[in-house]
Structure formats: structure tokens, C-alpha cells
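Reader: Could you walk me through this one before I plan my afternoon? I'd like the ground rules as we go.

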Amino acid sequence: MEHTQHLWKEQEHTLRRSFVFPTFLTAIDFVNKVAALSEKHHHHPNICVDYTYIHFSLSTHDDGNVVTEKDHELARAIDLLYRSNKRYATS
């Protein structure tokens, strides 16, 4: 299966990516949508909100806190969600 794009970096057994949004409310809207998406995948990221910056980290706790295909699948779904909504663009 294809791994996620280069925008996700694997560091310390965790898949990480940050997103930037035009406003705080837009950032929170994205977090809420990712929360719903995560429920569907039965896999949940760690999320850090820093005003208009959202930082995600993914690892599979059940497999010993390492990056697995479950993490790559959720990362791809998060990317698709981001790309599919022009409202999230910062420019």
C-alpha cells in the first residue's frame, strides 16, 4: 500500500505533520472534522492546537507505539480532508 506523502515525517516512531489555517476557528473546525474521521477509522491522533497551527502525531499504541499502516491510512485520510476543503487554504 502507498505510504503518505512527504509532508508527513516519521520521527521517533511517530508520524508527524503540521497544518496552518487562516483563522483559529478554521483550525478548530478542521480538528473537529479530524476527530470525526478518527472515530470512523478507530484510530486517534495526538493533536496539539497552537492558535492557527495544528500539529498531529500518529503511532499505533496497540503495536508498541510504532508507525503502522493504520497510521499511514489515517494520515492519507487527513490529507484528503484538508485538500478537499478550500476554506482551509491560508492564501
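Author: Helices (H or I, at least four residues) and strands (E, at least two) are DSSP runs, numbered from the N terminus. This is a predicted model, in which local features need pLDDT of at least 70 and side-chain atom pairs count only at pLDDT 80 or more, while totals for chains, interfaces and linings use all residues. Residues are numbered from 1 along each chain as its sequence is written, and side-chain values use heavy atoms, with hydrogens and water left out.

Reader: Where does H13 lie?

Author: H13 lies in the loop that joins β1 (9-11) to β2 (14-20).

Reader: And is H13 buried or exposed?

Author: H13 is exposed, its relative accessible area being 52%; buried means under 20%, exposed over 50%, and partly exposed in between, with a 1.4 Å probe and protein chains only.

Reader: Which residues does H13 touch?

Author: Leaving aside residues up to four places away in sequence, H13 touches S59, N65, V66 and V67, where contact means heavy atoms within 4.5 Å.

Reader: Switching topic, what sort of aromatic pair do F19 and F30 form?

Author: F19 and F30 form a tilted pair, 5.2 Å centre to centre with 50° between the planes. Ring centres of Phe, Tyr and Trp (its six-membered ring) must lie within 6.5 Å to pair, and planes under 30 degrees apart count as stacked, over 60 as edge-to-face and the rest as tilted.

Reader: Where are F19 and F30 in the chain?

Author: F19 is in strand β2 and F30 in helix α1, eleven residues apart. F19 counts as buried at 2% relative accessibility, and F30 is buried at 0%.
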